[in-house]
Amino acid sequence: MTTLAQWLTTETEDAALRGVIGSMAAASAELAGVLRQAPIAGQTGLAGATNVQGEAQKALDVISNDIVLRHLKADNAVAVLISEELDEALTLSETGKYIVATDPLDGSSNLDVNVTVGTIFSILPSAGGLLQKGRAQLAAGYVAYGPAASLVLRIAGDVAVFTLDPAGAWIVTATAAKVPEASGEFAINTARERFWDEATTGYVRDSVAGETGPAGKRYNMRWVGSMVADIHRILMRGGIFLYPLDSETVSKGGRLRLLYEANPMSWLVEGAGGLSTTGHQSILDVEPTGIHQRVPVILGSTEEVRRVEKWYARG
Ligand code: AHM
Ligand code: MG
């Protein structure tokens, strides 16, 4: 059995980077334990505050942020923490070489119904400043807290998957995850159809038309409402995830956040042979203008993403 520490040694000679990834993995392992017993500990429900996005914070959003913060503070290699739950970027160490951008608890609306949630993180060089393209990432990962806790991680090479064992260690369970090139599954919140643009409407209409339609095959729709769970399914067996720009989110630039949701997920999906796009360019090439910036997100199997891009290219 290969542990996370052993895998990290083969992936990078940068001991400080290994340390930061280890800190995020340790924070996530602790959080997995907290989530498992949160209803008993009375940690469910709202925290009574709103975050910078104007969203009501759940008690566990705040607890998750505190756990990540505590682990990263103890890691002198982290200069700055950017978090969905923190209004401003937080300086942790004057000498740190890295920036960590994180959504400590993604999909938290699923907590009260015991459905998979996740932690997403992106690691960037601090020398590049707060606003760097996704392409500049040094590593990215997420943890899906499902029936098993899965850590999905990529430095610059292949995407590896780790499973948390009962003793709290991350064990390698897949070394080179690949997003299948073709798929018959799409993930989108179809309740937003009335807001969609022509490209999204066209792509979904073609997909649901079945074998005799323009896509020439039958599709299934899946939407957990937890990006980590939806992307994990796509990484494991293919498919496409869409949270496009629509008439309701256009004024904000989209729904999902670039630095700590879209970029790390794109780093993983592209590293596993899939594609990411805003509809017009790879998400990894988007120039950020703010730490909580939002972006249209389309990610997954190459054939499906290309089909959406063709719709956007029509104008
Ligand atoms: P959050 O960071 O506040 O949890 O919001 C992000 C989540 C994603 O996990 C998920 O893909 C999306 O919001 C679901 O949106 P919707 O409510 O439209 O289904
Ligand atoms: Mg989120």
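Which strands does helix 2 lie across? Helix 2, residues 15-41, lies across strand 3 (78-83), strand 5 (98-106), strand 6 (117-125), strand 7, strand 8, strand 9 (160-164) and strand 10. Helix 2 runs at about 15 degrees to strand 7.

Some ground rules. This is a predicted model, where local features need pLDDT of at least 70, side-chain atom pairs count only at pLDDT 80 or more, and totals for chains, interfaces and linings use all residues. Residues are numbered from 1 along each chain as its sequence is written, while chains are lettered from A and ligands numbered from 1 in the order in which they are written. Helices (H or I, at least four residues) and strands (E, at least two) are DSSP runs, numbered from the N terminus. Axes are lines fitted to C-alpha atoms, for helices over the stretch in contact, and angles run from 0 to 180 degrees between N-to-C directions. Contact means C-beta atoms, placed from the backbone, within 7 Å.

Eight strands form an open sheet, in the order 4-3-5-6-7-8-9-10, with mixed pairing. Pairing takes at least two DSSP bridges between two strands. The edges are strand 4 (90-91) and strand 10 (170-174), and each pairs on one side only. Strand 7 (residues 139-145) and strand 8 (residues 149-154) run antiparallel, joined by six bridges. Ala144 has Ser150 in strand 8 as its bridge partner.

Next, the domains. There are two: domain 1 (4-177) and domain 2 (185-313). Those bounds come from an automatic or database domain assignment. Their C-alpha centres lie 23 Å apart. How many residues of domain 1 are in contact with domain 2? The count is 36, against 29 residues of domain 2. Strand 5, strand 6, strand 7 and strand 8 each give two or more residues to the domain 1 side. Strand 6 gives the largest share, five residues.

Last, two helix pairs. Helix 4 (residues 198-208) packs with helix 7 (residues 302-313) at about 135 degrees, axes 8 Å apart. Helix 4 and helix 7 are therefore oblique: under 35 degrees counts as roughly parallel, over 145 as roughly antiparallel, 65 to 115 as roughly perpendicular, and the rest as oblique. Ala199, Gly202 and Tyr203 of helix 4 meet Arg307, Val308, Trp311 and Tyr312 of helix 7.

Helix 5 (residues 227-237) and helix 6 (residues 258-271) have axes that come within 11 Å and cross at roughly 10 degrees. So helix 5 and helix 6 are roughly parallel. Met227, Ile231 and Leu235 of helix 5 make the contact with Glu261, Met265, Leu268 and Val269 of helix 6.

Terms used:
Two residues are in contact if their C-beta atoms, placed from the backbone, lie within 7 Å.
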